[in-house]
Amino acid sequence: MTRVTDIHAYLADFDDIPGTRVFTAKRAREGYHLNQFAMSLMKAENRERWKADERAYLDGWAMTEEQKQAVLARDYNRLLDLGGNIYFLAKLFSTDGLSFLQAVSTMSGMSLDEYAAMMIAGGRSAEGQRSIKEGR
Amino acid sequence: MARITAGVASSHIPALGVASDFDKTAEPYWAPAFAGYEWTKRWEAEQKPDVVILVYNDHASAFDMKIIPTFAIGCGESYRPADEGWGPRAVPVVEGHPDLAWHIAQSLIIDEFDMTIINEMDVDHGLTVPLSMMFGKPEAWPCKVIPLAVNVVTYPPPSGNRCWALGEAIARAVASYGEDLNVQVWGTGGMSHQLQGPRAGLINAAWDNDFLDGLVGDSDRLRHIPHIEYLRETGSEGIEMVMWLIMRGAMGKATRVLHRHYHVPASNTAVGHIVLEPV
């Protein structure tokens, strides 16, 4: 049985994965209002208010200025660093009319065409992407 | 008595729902992904399940950060498709089976699984895309559905072992329900995908196919895979595969494979699909 017995080791492992922010409690707490803001865009009337004045809409939420700037810039990697979760942020890029493929490509360091071509060719290999420490 | 007759697993990629809704399934990009479900559509039409217990995860639709249930069971009369930011999918309302759902909920709690009970919620692509893949585009879904939502978004999600054990408890609960019902259990999500960060787009076909292999027969090796292995090998969203283990646990000691399908890509994701029956 692979029962987890050490919560600190369990959590520390997540920081060893290259190019990945696991949505831990620490991130969930930091990003609470950011994610709840994104969630609010599930309602059509909120989307209208948001589109009319993004900055004014953001100022209705208890987010940090850094989080607000990252939202305005649609900087998704930065938003992940600031506690955003992709399924919540999906409400933001869906409101912008972007698909998951389009939005995710912006985090990959590749153009949309390059990213889509990589996926069609079988995706990004796990080789060298598993562990920072072990370089595998 | 109610009987679990089969288990189905499938990815629940939102883009598959979009392709279905807008009749793009014959386009060259989408055709190979959908082709692997043709067998299952015919098989489901013959099987005519009365109820599907549909294991899925909510993607910040019914649940936001206010309440995060680890295991939740839908005991409501019906569930509308959720508006996930682009308007609700134009698919039928999902009809529940409150009597069986409440029976399962009570049985699970007595069996020491501390379930959250949901009477009202909307259901997102995690639940409606598998229905589209298995049933196509009917006027009404051909069976009742009991949603079983698992937290795989905020860490820690439940372990694979716990998911498997929940499946075993669901099987006991269904077997003790008096009415004669044909019940299927579906596990959804996966397979490899990472929707975030510079490692986005990770796909591990070898690992995914080994996981599919592990669902068949009498091995229980999959229940011992730790979270970190899913994350390292299959991308951050590959963790959804723990939900397939609820289905596998519900199949009992051994399974036989009836159908299997694997295709890369659909959007950012590896499409995996398998149909099992208990032996």
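**Chatting through chains A and B**

Trainee: How many bridges join strand 4 of chain B to strand 7 of chain B, and which way do they run?
Mentor: There are 2 bridges between strand 4 (residues 78-81) and strand 7 of chain B, and the two strands run parallel. Keep in mind as we go that this is a predicted model.

Trainee: Which residue stands opposite Pro81(B)?
Mentor: Opposite Pro81(B) you will find Val123(B), in strand 7 of chain B.

Trainee: Let's move to strand 2 of chain B. How many of its residues are buried?
Mentor: For strand 2 (residues 51-56) of chain B, 6 of its 6 residues are buried, which leaves the strand mostly covered.

Trainee: Which residues lie on each of its faces?
Mentor: One side of strand 2 of chain B carries Val51(B), Ile53(B) and Val55(B), and the other carries Val52(B), Leu54(B) and Tyr56(B). Both faces are covered, and all of these residues are buried.

Trainee: How many bridges join strand 2 of chain B to strand 8 of chain B? And how many to strand 9 of chain B?
Mentor: Strand 2 of chain B is joined to strand 8 (residues 144-150) by 6 bridges, and to strand 9 (residues 182-188) of chain B by 5 bridges. Strands 2 and 8 run parallel, and strands 2 and 9 run parallel too. If you want pairs to click on, Val52(B) has Val145(B) as its bridge partner in strand 8 of chain B, while Leu54(B) stands opposite Trp186(B) in strand 9 of chain B.

Trainee: Changing topic to helices: why is helix 1 of chain B called largely enclosed?
Mentor: Helix 1 of chain B has 8 residues and 6 of them are buried, so the rest of the structure largely encloses it. The buried ones are Pro14(B), Ala15(B), Leu16(B), Gly17(B), Ala19(B) and Ser20(B).

Trainee: What covers them?
Mentor: The cover on the buried residues of helix 1 of chain B includes helix 9 of chain A, along with helix 2 (31-35), helix 5 and strand 10 (255-266) of chain B.

Trainee: At what angle do helix 1 and helix 5 of chain B cross?
Mentor: Helix 1 (residues 14-21) and helix 5 (residues 125-135) of chain B cross at roughly 50°, and their axes come within 9 Å. That angle makes helix 1 of chain B oblique to helix 5 of chain B. Their crossing is left-handed. Helix 1 of chain B makes the contact through Pro14(B), Leu16(B), Gly17(B) and Ser20(B), and helix 5 of chain B through His125(B), Thr128(B), Val129(B), Ser132(B) and Met133(B). By class, that contact has 4 nonpolar, 5 polar and no charged residues.

Trainee: Over to chain A, then. How far apart are the axes of helix 3 and helix 8 of chain A?
Mentor: The axes of helix 3 and helix 8 of chain A are 8 Å apart, and the helices pack at an angle of about 45°. Helix 3 of chain A is therefore oblique to helix 8 of chain A. This crossing is left-handed. Asn35(A), Ala38(A) and Met39(A) of helix 3 of chain A meet Phe88(A), Leu89(A), Lys91(A) and Leu92(A) of helix 8 of chain A.

Trainee: Is Asn35(A) buried or exposed?
Mentor: Asn35(A) counts as buried because 26 other C-beta atoms lie within 10 Å, and 20 or more is the cut-off.

Trainee: What does Asn35(A) touch?
Mentor: Leaving out residues up to four places away in sequence, Asn35(A) touches Gly84(A), Asn85(A), Phe88(A) and Met65(B). Asn35(A) and Gly83(A) are 48 residues apart in sequence, with 7.9 Å from C-alpha to C-alpha.

Trainee: Last one: how many residues does the contact take from chain A and from chain B?
Mentor: It takes 47 residues from chain A and 37 residues from chain B. On the side of chain A that touches chain B, the largest share comes from helix 8 of chain A, with 7 residues. By class, that side has 25 nonpolar, 17 polar and 5 charged residues.

Terms used
Residues numbered from 1 in each chain as written. Chains lettered and ligands numbered in written order. Predicted model: local features only at pLDDT ≥ 70, side-chain atom pairs only at ≥ 80, totals over all residues. Pairing = 2+ DSSP bridges. Helix = DSSP H or I, 4+ residues; strand = E, 2+ residues; numbered from the N terminus. Contact = placed C-beta atoms within 7 Å. Nonpolar A, V, L, I, M, F, W, Y, C, P; charged D, E, K, R; others polar. Buried ≥ 20, exposed ≤ 12 C-beta atoms within 10 Å, placed from the backbone. Axes fitted to C-alpha atoms, helices over the stretch in contact; angles between N-to-C directions. Parallel < 35°, antiparallel > 145°, perpendicular 65-115°, else oblique. Left-handed = near helix turned anticlockwise from the far one by under 90°.
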